[in-house]
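Me: I have a chain open here and would like to talk it through with you. Could you look at it with me?

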Amino acid sequence: MGFVGESDGGGPNSGFRSLVRRKRVDSIHSKSSETGHHQLAKELSILHLIAIGVGSTIGAGVYILVGTVAREHSGPALAFSFLIAGIAAALSAFCYAELASRCPSAGSAYHYSYICVGEGLAWIIGWALILEYTIGGSAVARGISPNLALLFGGPNSLPSFLARHSVPGLGIVVDPCAAILVFVVTGLLCAGIKESTFVQSIVTTANICAMIFVIIAGGYLGFKSGWVGYKLSAGYFPFGVDGMLAGASTVFFSYIGFDSVASTAEEVKNPQRDLPLGIGSALSICCMLYMLVSAVIVGLVPYYEMDPDTPISSAFASHGIQWAAYVITIGAVTALCSTLMGSLLPQPRILMAMARDGLLPSFFSEVNTRTQVPVKSTILTGLIAATLAFCMDVEQLAGMVRGIYIF
């Protein structure tokens with residue numbers, strides 16, 4: 001049997017028992033061996049996991065968040081806010097790493113809660129994760145087109161078939177570019193885990209290169225100008241330690257994404273060794289990049305003069321380097337594309353895990369024999385995410401994501 005504490009049928013307590021019954025740690029392995037068509041391809045190594053983790057974690061938020069948090073909370077101590085948030089995220093990441101290595105299933109937090117708590121809470125967590133990834137992915141896709149338009153010359157420079165259009169009478173603004181990007185990513189995910197991870201590695205590398213440019217070029221400008229952002233009468237902590245901690249609570253959301261690595265646990269060649277190293281390495285890289293970028297930017301411009309919308313671009317522009325905006329925009333676009341892939345990747349695997357446990361129809365647990373990925377579930381989640389990205393704006397999607405987090 002795959003469960004402990006199962007009901008023996010009948011009786012007034014049978015319904016409650018079914019909600020609290022827990023799954024054995026080794027049940028996923030026995031089920032996979034009995035049904036070979038449910039097995040996923042074991043293709044991922046540590047480098048693949050790092051690419052997934054870094055790509056899913058570093059979004060375009062870092063290109064905007066540093067300005068808002070520095071102005072309102074941390075001031076020049078922004079790098080310490082990122083460090084504290086990184087330590088807090090590491091504690092959560094260590095839990096994911098231990099559970100993922102001991103229970104290498106595609107279900108991520110759903111699978112862990114089924115083992116530790118019971119079926120009822122696992123059902124709720126599974127659907128909460130699916131909603132979070134679907135809506136979050138749609139919001140990310142919706143944010144790509146404005147950044148992409150800047151590379152073509154301005155906010156309204158995209159070709160007409162990609163540009164946003166208002167629908168008369170309905171009061172909505174459709175975004176064909178966002179929907180097309182979701183379809184492209186869905187196609188990549190259907191091609192196979194190794195192929196999609198390879199593409200994500202390339203996109204993530206481009207994003208990291210853009211951040212390294214910010215660090216090196218910004219460091220050169222900082223040494224040249226004397227780091228004017230740090231020479232302030234208010235000191236390094238203008239808002240006090242409380243402000244620094246408040247900034248840490250805000251930038252903590254910049255680290256969300258490493259859980260995507262846990263959703264691929266079943267596809268890792270050596271999960272007991274690779275998963276902890278992959279999650280830990282990805283989080284360490286993200287923390288280091290966040291701290292270096294924030295330390296450079298708050299040193300170039302006094303925190304109270306930073307532009308909350310385009311802090312990095314405006315910091316370079318204040319030193320006469322206007323063309324840096326294009327490099328930063330490329331970094332933001334690649335960050336969003338990589339985050340989109342990280343958002344769409346876990347959804348079909350969580351659906352597959354729930355279907356294996358009998359909580360969803362077997363349709364969701366079917367794995368393609370050639371690509372060894374749940375193609376049907378991937379296409380279905382891609383269609384839903386593309387629809388949301390096409391017809392809902394970012395504020396509506398972000399509000400739905402916040403509601404899920406609060407829940």
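Me: Is K194 buried, partly exposed or exposed?

Reply: K194 counts as partly exposed, because its relative accessibility is 40%, where buried means under 20% relative accessible area, exposed means over 50%, and partly exposed lies in between, with a 1.4 Å probe and protein chains only. Bear in mind that this is a predicted model, in which local features need pLDDT of at least 70 and side-chain atom pairs count only at pLDDT 80 or more, while totals for chains, interfaces and linings use all residues. Residues are numbered from 1 along each chain as its sequence is written, and side-chain values use heavy atoms, with hydrogens and water left out.

Me: Which residue forms a salt bridge with K194?

Reply: K194 forms a salt bridge with E43, with 4.0 Å between the closest N and O atoms; the term stands for a side-chain nitrogen of Lys or Arg within 4 Å of a carboxyl oxygen of Asp or Glu. The pair links distant parts of the chain, 151 residues apart, with E43 in the loop between α2 (27-34) and α3 and K194 in helix α9 (residues 193-225). Helices here are DSSP runs of H or I with at least four residues, strands are runs of E with at least two, and both are numbered from the N terminus. E43 is partly exposed, because its relative accessible area is 27%.

Me: How many salt bridges are there in the whole structure?

Reply: A search of the whole structure gives 6 salt bridges. Among them is the pair E267 and R349, whose closest N and O atoms are 2.8 Å apart. E267 lies in the loop between α11 (259-262) and α12, and R349 in helix α15 (residues 346-356), so this pair ties together parts 82 residues apart in sequence.

Me: And are E267 and R349 buried or exposed?

Reply: Both E267 and R349 are buried.

Me: What about K376, which side chain does it meet?

Reply: The side chain of K376 meets that of E366 in a salt bridge, at 2.6 Å from N to O. K376 lies in helix α16 (residues 375-391) and E366 in the loop between α15 and α16, so the pair ties together parts that are 10 residues apart in sequence. K376 is partly exposed, because its relative accessible area is 38%, and E366 also counts as partly exposed, because its relative accessibility is 31%.

Me: Stepping back, how many helices and strands are there?

Reply: The protein has 17 helices and 4 strands, and buried residues make up 53% of its 407 residues. Among contacts with a separation of 6 or more, 80% are between residues 24 or more positions apart, a contact being heavy atoms within 4.5 Å.

Me: Where does UniProt place the transmembrane regions?

Reply: The unreviewed UniProt entry places that feature at residues 46-66, 78-97, 109-130, 167-190, 202-223, 235-258, 279-303 and 323-345, in the numbering used here, with shortened feature names and with annotations that may be inferred rather than shown by experiment. In the model, residues 78-97 are 100% helix and 0% strand, with the end C-alpha atoms 28 Å apart, and residues 202-223 are likewise 100% helix and 0% strand, with the end C-alpha atoms 32 Å apart.

Me: Which residues touch the most other members of the largest nonpolar core?

Reply: Those are Y63, I297, I312 and F316, in a core of 105 residues; such a core is a set of buried Ala, Val, Leu, Ile, Met, Phe, Trp, Tyr and Cys residues joined through side-chain atoms within 4.5 Å. Helix α12 (residues 271-300) gives the largest share of this core, 13 residues. Leaving aside neighbours within four places in sequence, Y63 has contacts that include N207, M211, P311, I312 and A335.

Me: Where is G61, and how far is its C-alpha atom from that of F253?

Reply: G61 sits in the loop between α3 (46-57) and α4 (62-74). The C-alpha atoms of G61 and F253 are separated by 9.1 Å, although the two are 192 residues apart along the chain. G61 is partly exposed, because its relative accessible area is 38%.
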